[in-house]
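Morning, everyone. Please bring up the model and its sequence. I'll take a few local features in turn.

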Amino acid sequence: MLKNFIKTAFRSLLKNKEFTLINILGLALGLATCLLIVFYVVDELSYDRFNTKADRIYRVNMDLKYGGNVSSFAITPPPLAATLANNFPEVEKCVRLIHDAGVRIKKGDQFIQEEKVVYADSQLFDVFTLPLIAGDAKTALSAPNTTVITESTAKRYFNSTDVVGKTLTLSNNTNYTITGVMRDIPNQSHFNFDFFLSLAARADAKNNDWNNFSYTTYILFKPGVDPKKLEAKLPPLMKKQLGANYDQLEKSGNYFHLNITPLTDIHLKSNRQYELGVNSSITYVYIFSAIALFVLLIACINFMNMSTARSANRAREVGVRKVLGSSRSYLIAQFLSESLLVTIGAAIIAILAAWALLPLFNQMAGKQLVITTQTFMWLLPSLLVVIIVVGVLAGSYPAFYLSAFQPISVLKGKVATGFKGGMFRNILVIFQFAISIFLIIGTLVIYNQLTYIQHKDLGFNRNQVLVVKNVDVLQNAQTFKQEVLQIAGVKNASLSGFLPTGVIRQPDAVFNNKIANPKNALFTEIWPIDENYLNTMGMGIAKGRGFSNQFATDSAAIVINETAARMLGYGNSPLDKKLYRPNGGVMKEFHVIGVVKDFNFSSLRDNITPVVMLLSEDKGALSIKTNAKNMAAFVAQVEHKWNSISPNQHFEYSFMDQDFNATYRTEQRTGTLFLSFTTLAVIIACLGLFSLAAYAAEQRNKEIGIRKVLGASASAIVTMLSKDFIKLVLISFAIAAPLAWLSMHQWLQGFAYRQNIQWWVIALSGLGALVIAFITISAQSFKAAMSNPVDSLKNE
């Protein structure tokens, strides 16, 4: 019986090659898109789950309201970890990490800047699953000046993994003994470092100051413990440690709260300051999961629509089969077997297509996805379920619809055929194009916002600015700056590591008077800069002036941004106002000499916060403003100056505009993926519309012939065949437009600086859908309109 079903189904599919090809291609595109998105979603949801104790690991966070600002941090006071481990029975272990991106390690004759360096407690390997291939995990980080490195790092520095006992020299001439080599951390980790240095030698590791926030703290709970119960004990703990300061903070309307986040939630649900890595967002997981479902639904709807549209062609077949004794259940099984056969063929093509497109998808998504044996362990059973579900769902309506035909009605030709005979089919077309229009609107809104970000006036000029990093390793950074200023094409240069596109930040409090009371405080960024900084960055002065070497009093002067002036209540008279900052146990007085126009120095998702600038030496980076035409030659000249001063220090640089673009790489990738998936969804929808238009024209073949004989023009026939489809697209637009507007309006709320959804975006999406639909339909309509009426009427 099964063999007969398959044989009959195969013959039927071969008999209608065009129908079969479009069906398989549409389903294959839908399934391939689904597979790629599933790979992406599974990868996002698997972060940190390689840790065997992941369900018991939590990170401690800090929420702070102080001096008019509300901030959330992923860092805590240094003594917190030991206090929790020693005084709370719920805690099994605690471990601290502190990231240091400014470490330079000697490799050959040069010191190489290493970004992936972190200091860690010796309990690191008790909490996280980071297996060593050499060394003892229990003692690897116990002693001062010891380090554990990854397998790939060992090969990079020593061309071998047999490196335990060897030493690494830092730029400050400190030697670290390698006590372990660990396997490379999986990509699905919220932190990914190459060097783990022991905390034992760091002075601040033993700091008992609860007002100092610098360490990322993780807790490993004992089995069976409710983490929320410990979280409830954190406020009393902070009140005990801070004493009168805590009470003063609360009374002034401010707060200092500690809370915890599950390890497996960090990557998708945490976006705090001082994260150990760049996190993603659960919103994008939801968005792409919805797109996968929508694309698959569109592909299934195509199958159902085309199958029911062919009802006239297969009605007599059903009638004859019923007259010859076929039961309805037999016919249902027959049609379902055809559906499953098409789905199996589409699934095979989809797997091959997904495998072939995976490298391109990785490039677009910024992923490193690979199909491994483990992937097939869950992929094949899942795909089998999808084949059965999609095959049955896509074939169920055609099967039950066609098998319900009455033989007498069929053989007399009374079965409703053509476009107007399928109300359910019309509903499916509306649903299909509503999804497509929804995705088109979403794509345009995302690209509109990204374009707005790229061209928004940020308050500084990031173009043509070369940033030379880690200038502090040079013995005389000022000499290097003066040498660079002599190069042709250099307009200005500034020494400071505090850049609008950088990561170095220094939040602290300043006060309106000499009393350090939270009521008089402003929690702000404190940036040490030089006298050339504002001009190099192209920042505008709203009031007063910038720093100058011609004024000796500028050593006690500050420049604030407009937000700081507003929050301090200075109004139109900010100049010469006094501010105080704790310095060595005393309150140092500063006077305001200028107000710089507000500039964005964090994501455009966030509002601009206060900035206070001091005239102070900082050698974190040298920013060079240039008008050079040949940037490669210009960089070579700067590198030559660097090597002439310090030949053993590795030269590292970036361009400020590229650093800015990197901040929004996630949104850019999201926009690219959204565009790609939307394009696929529209193509799949058009495949279905193309087939429906073909069958509509075929079923009205005689009508078209008669109309032409009676004098109907080709344009009139095209209009007749197209208008019903166009009506459905217009209904789809009326449904999709408000839903898309609401959804994308909600997405835009995540940006403090955003462009509202313009009316033309909605209009353009609707017009685009109409044009695409008309072009798809007209290909068949023109063919029918230009056919010879003799061919369709010769049998009448």
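In which loop is Asp 576 found? Asp 576 sits in the loop between α17 (562–567) and β20 (578–583). Helices here are DSSP runs of H or I with at least four residues, strands are runs of E with at least two, and both are numbered from the N terminus.

A word on sources. This is a predicted model, where local features need pLDDT of at least 70, side-chain atom pairs count only at pLDDT 80 or more, and totals for chains, interfaces and linings use all residues. Residues are numbered from 1 along each chain as its sequence is written, and side-chain values use heavy atoms, with hydrogens and water left out.

Back to Asp 576. Its phi is positive, about 70°, although it is not a glycine. Most residues other than glycine have a negative phi. Asp 576 is exposed, at 55% relative accessible area. The cut-offs: buried is under 20%, exposed over 50%, partly exposed in between, with a 1.4 Å probe and protein chains only.

Now Asp 48. Asp 48 is not a glycine either, and has a positive phi of about 70°. Its place is the loop between α2 (17–45) and β1 (57–66). Asp 48 is buried, with a relative accessible area of 1%.

Next, cysteines. How many disulfides does the structure hold? It holds 0, a disulfide being a pair of cysteine sulfur atoms within 2.5 Å. For Cys 34, the nearest cysteine sulfur is that of Cys 300, 8.8 Å away. Cys 34 is buried at 12%, and Cys 300 is buried at 9%.
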